[in-house]
Amino acid sequence: MADARPTGRAELTTRRTLLFAVGASVAISSVAALAVADPGGRVALPAWQPALTTAAFAVTLAAGLAAPWLPARVLRAGAGVAVALFVSALVTLVPASGMLSGRPSVGTIPWALTSIGGITLAALVAGGSVLAWSVLGLWTAVVAVSRIALDGYTLTGVANDSQALLTAATLALIGAGALRASARLDAASSRTEAAVAREAAERGRLVARARAAAFVHDEVLAALRGAADAVAGSAAAVRAQAERATGMVRDRPPPADWVGQLRALAEGAREPVAFELTRSADGAQPGEVVVEALLTAAGQAIENSLRHAGPCRRVVRVRVETDGVRVEVRDDGRGFDPAAVRADRLGIATSIVGVVRETPGATVRIDSAPGAGTAVALAWRAESASSAAPARAARVTMRVGMRAIGALFIVTQSIVAVVAAVQAPFWPTPVLELAGLLLAAEILRRAPARTVTRVRSAVVVALLAAVAAAGLAATPAPITYGTAWFVPAAGFVLVALALRGRAGHALAGLAALLALLALTVAVRDVLPVHAVSLGARTLTVVGLGALLAVLLVRLRRSTLAQADRAVLAARRAAWDAAVQDELDARAVDVDRYARPLLERVARGEELGEDERAQARAVDGRLRDGYRAGRLLAGAVPEAAMAARLRGVDVLLLDDRGEDGVDDPDLAALAGWLRTHLDAAQGRFVGRLLPVGREHLAQALVDGRIALYPAAESVSSVQGE
Amino acid sequence: MARVAIVDDHELVGLAVRGLIEPAADLEFARHERTVAEMVGPMRDADLVLLDLSLRDDSSPHENVAALRTWGAHVLVLTSAENPFLIREASRTDALGIARKSLPGAVLLDAIASAAAGEHVPTTEWASALDTDPTLQSAPLTAREREVLSLYASGMGAREVATALFVSENTVNDHLRRIRAVYHQIGRPAATKVDLYRRGIEDGFVPVPRRG
């Protein structure tokens with residue numbers, strides 16, 4: 001039954017806790033069975049039959065007590081052996097009791113055999129939900145058949161069996177939920193740890209690179225300013241500085257990230273392939289496996305196009321979005337019929353489709369028709385966006401399960417109440433008890449928040465205790481499990497309370513119920529075996545239910561915390577990727593604008609007036625890399641360059657911080673800035689304003705302030 | 001006659017500053033050194049030290065300014081191209097101001113002369129770095145002071161701000177001095193987790209990504 005997946009830390013802990021709970025439940029049952037002498041009226045059974053049950057309990061108890069130290073496989077094996085023993089006891093009950101031979105010995109079935117809660121949990125540990133529900137189903141059938149065949153249903157039988165079934169179903173449901181939650185937690189933990197480690201390593205490299213880049217920049221700026229100022233007597237120093245700067249620029253070609261590699265792939269092709277990149281700042285960062293797959297597939301798509309499409313235009317489009325990336329390789333060449341691709345065209349069959357399909361989160365689509373060109377669209381979606389979905393689905397499963405058990409509770413306990421009312425000397429008593437229990441359950445169900453308020457919780461507990469107290473007082477002696485059915489029934493409402501975040505109150509309620517039972521035993525006539533059974537069942541269902549509910553809540557909370565960490569790591573990785581882009585852009589700027597000029601200075605050439613102005617303009621352009629941010633959009637870089645060449649001191653400041661600006665706004669703003677830059681004569685300061693200011697941006701043009709967007713309520717402030 | 005020295009990694013920058021200062025009537029060029037340790041000799045021979053914001057010896061603006069102040073000199077910080085975090089860091093020091101090396105010569109010379117006289121030298125970059133510092137949001141600044149800071153950050157000079165707000169230039173300078181004092185007092189904020197991460201870029205080397 002064991003699956004291939006290794007058991008994670010949280011899951012192992014959960015299994016151990018579950019089996020420990022089983023051990024505890026069996027211990028309670030055993031104490032109950034031993035404390036009380038077997039009453040008369042039991043069905044006669046051969047000695048080996050109860051021995052099977054005893055062995056099952058002994059194995060469970062041993063495994064449960066040793067659970068904190070057992071490895072996963074032994075845990076499962078122990079639970080499996082216990083379940084196998086119990087199931088064989090259950091199955092052999094039918095022949096052993098003589099039901100098949102037509103001479104059944106009349107009597108009740110052993111109480112131990114009806115204590116199914118612990119065994120159901122053991123089945124859950126050994127083989128998961130399927131085994132647990134199968135065992136429970138088998139038990140229900142055998143017990144119902146045996147009861148009917150052996151001595152018919154008594155009130156105690158109905159109450160005991162229905163509540164044993166409810167106990168087992170409740171524990172199995174919560175336990176299965178806890179197992180699922182712990183498996184999710186393990187998966188989330190390992191994913192998060194990998195992401196955090198990757199991010200930290202990447203970050204170290206990034207900081208080192210940024211530091212190195214800053215020094216290069218510093219050298220380049222110093223050389224540019226020296227060349228621009230051309231202070232008398234500085235010629236040799238300027239030349240030395242230019243030599244040093246160009247040397248550093250040569251030593252540090254812009255490194256390629258995966259987008260860079262893709263760009264190199266496109267630009268290095270035999271024939272021209274255009275490259276277009278759209279990248280959002282918090283763009284997703286695919287891992288190494290995904291990058292490898294995307295690069296392989298895109299490379300193959302380019303190669304296919306070069307080989308088969310004939311003369312045509314080709315383009316690689318890359319979109320890096322928040323939740324994933326898209327790479328499209330498109331041409332307007334010959335095209336082909338995808339349905340008719342021969343098997344020997346391995347390029348498409350294995351490289352593109354195959355590689356991508358093996359990559360988690362990745363998809364591929366090939367659109368082509370003869371004469372209509374070819375488009376290969378590769379896409380990858382980040383997992384983090386969907387990781388909350390299974391958790392939500394699991395919670396829905398849990399809620400549906402709880403509703404089913406709630407319905408089962410209402411139906412079975414109503415039947416018990418009706419049977420009790422028929423037999424009771426005063427029929428309304430059991431009906432009132434049922435009404436009290438259902439009222440408490442309804443109060444709980446109507447609580448709006450996931451965690452019930454203290455007051456509502458206290459009301460529920462008080463109501464249940466009142467029902468139990470009044471019921472025990474009103475029930476005529478001798479009190480049996482059947483006539484005191486409402487005490488364990490109240491326990492189920494307490495479990496529901498524990499699941500809604502009030503485990504402490506539930507345990508307080510349990511204490512109250514047990515105290516009431518003890519008091520009743522002390523002052524009134526209660527059959528001892530029934531008193532112990534009542535106490536054991538109530539203790540099992542509330543104690544274990546509360547324990548597992550707390551476990552479940554904790555697991556869910558840890559999973560959420562892991563998800564938060566993962567989101568944080570992803571956000572940092574995205575930020576770092578954007579920083580890398582920034583560094584790349586700067587390296588390109590230095591290469592494009594500064595290097596040609598500095599190489600001439602380094603060779604000892606004298607710069608003319610125009611070229612010195614150009615050096616000053618390039619110095620400004622490189623400084624913009626640090627502070628201009630989003631203002632470097634549209635025609636602004638060119639207009640700033642032109643203004644600087646005219647001798648204008650241009651300062652561009654992006655002071656908006658983290659908050660984004662919509663692209664259309666930015667485009668309009670760029671147009672506006674450009675107009676003002678073109679008009680500047682001496683000094684220009686363009687500033688994207690911090691969030692919360694009345695305007696998006698402002699420009700100071702030779703002492704005059706202009707605001708964007710221009711509002712009628714704000715007149716522009718005249719400087720001089 | 002005020003004596004001006006400079007601490008900068010580049011010989012060229014020293015030459016340029018010297019070329020700027022020597023013709024000035026009431027300023028005298030003292031020395032050019034590459035580190036603050038080399039500058040602070042037993043005898044103080046400079047009244048004002050121009051300090052490069054990011055020296056390559058791993059020293060921080062904070063330590064450097066403190067050492068120079070102890071030595072007894074005023075400090076004016078010079079920047080080439082740094083992110084606002086590093087400028088904020090320098091703004092928390094005892095330096096009189098922060099000026100960019102690429103300022104037009106006459107403007108830079110004015111700034112040096114003011115600093116040599118021990119006056120506060122507010123600049124556009126300084127104001128912009130402070131105006132956008134989230135920690136200043138909760139600082140005890142008046143609405144008028146915030147207005148002055150914002151206008152100053154937009155590139156206006158004290159005279160222009162004074163005209164725009166219909167107050168005297170002295171009043172504007174008073175406001176700027178108080179903003180500087182308040183900024184000194186609030187110091188570096190306790191960092192939240194995200195801030196702690198972002199602080200990574202505050203060493204002044206890792207750039208702030210461009211958006212959109």
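Me: How many salt bridges does a search of the whole structure find over all chains?

Reply: The model is predicted. Over all chains, the search finds 50 salt bridges.

Me: What makes A:R616 and A:D229 a salt bridge?

Reply: The closest N and O atoms of A:R616 and A:D229 are 4.0 Å apart. The cut-off is within 4 Å, for a side-chain nitrogen of Lys or Arg and a carboxyl oxygen of Asp or Glu. The pair therefore counts as a salt bridge.

Me: Which parts does that pair tie together?

Reply: A:R616 lies in helix α16 (residues 609-627) of chain A and A:D229 in helix α5 (residues 155-229) of chain A, so the parts tied together are 387 residues apart in sequence.

Me: Why is A:R616 called partly exposed?

Reply: Its relative accessibility is 41%. Buried needs under 20% and exposed over 50%, so a value in between is partly exposed. A:D229, at 36%, also counts as partly exposed.

Me: What makes A:E611 and A:R600 a salt bridge?

Reply: Their closest N and O atoms are 2.4 Å apart, and the cut-off is within 4 Å. A:E611 lies in helix α16 of chain A and A:R600 in helix α15 (residues 528-602) of chain A, so this pair joins parts 11 residues apart in sequence. A:E611 has 21% relative accessibility and is partly exposed; A:R600, at 23%, is partly exposed as well.

Me: Is B:D9 buried or exposed?

Reply: B:D9 is buried, with 13% relative accessibility, because the limit for buried is under 20%. The side chain of B:D9 meets that of B:R56 in a salt bridge of 3.9 Å, N to O. B:R56 has a relative accessible area of 30% and is partly exposed.

Me: How do you know that the span of helix α5 (residues 105-116) of chain B agrees with its number of residues?

Reply: The expected span is 1.5 Å times one less than the number of residues. For the 12 residues of this helix that should give 16 Å, and the end C-alpha atoms are 16 Å apart, so the two agree.

Me: What puts the buried residues of α5(B) on the same side?

Reply: The buried residues are B:L108, B:A111, B:I112, B:A115 and B:A116. They cover an arc of only 135 degrees around the axis, so they lie on the same side of α5(B). The face turned away from that buried side carries the exposed residues B:A106 and B:D110.

Me: What covers the buried residues of α5(B)?

Reply: The cover includes β1, α1, β2 (27-33), β3, β4 (74-79) and β5 (97-100) of chain B.

How values were computed: Residues are numbered from 1 along each chain as its sequence is written. Chains are lettered from A and ligands numbered from 1 in the order in which they are written. This is a predicted model: local features need pLDDT of at least 70, side-chain atom pairs count only at pLDDT 80 or more; totals for chains, interfaces and linings use all residues. Side-chain values use heavy atoms; hydrogens and water are left out. Helices (H or I, at least four residues) and strands (E, at least two) are DSSP runs, numbered from the N terminus. Buried means under 20% relative accessible area, exposed over 50%, partly exposed in between (1.4 Å probe, protein chains only). The arc is that of the directions from the helix axis to the C-beta atoms. Contact means heavy atoms within 4.5 Å.
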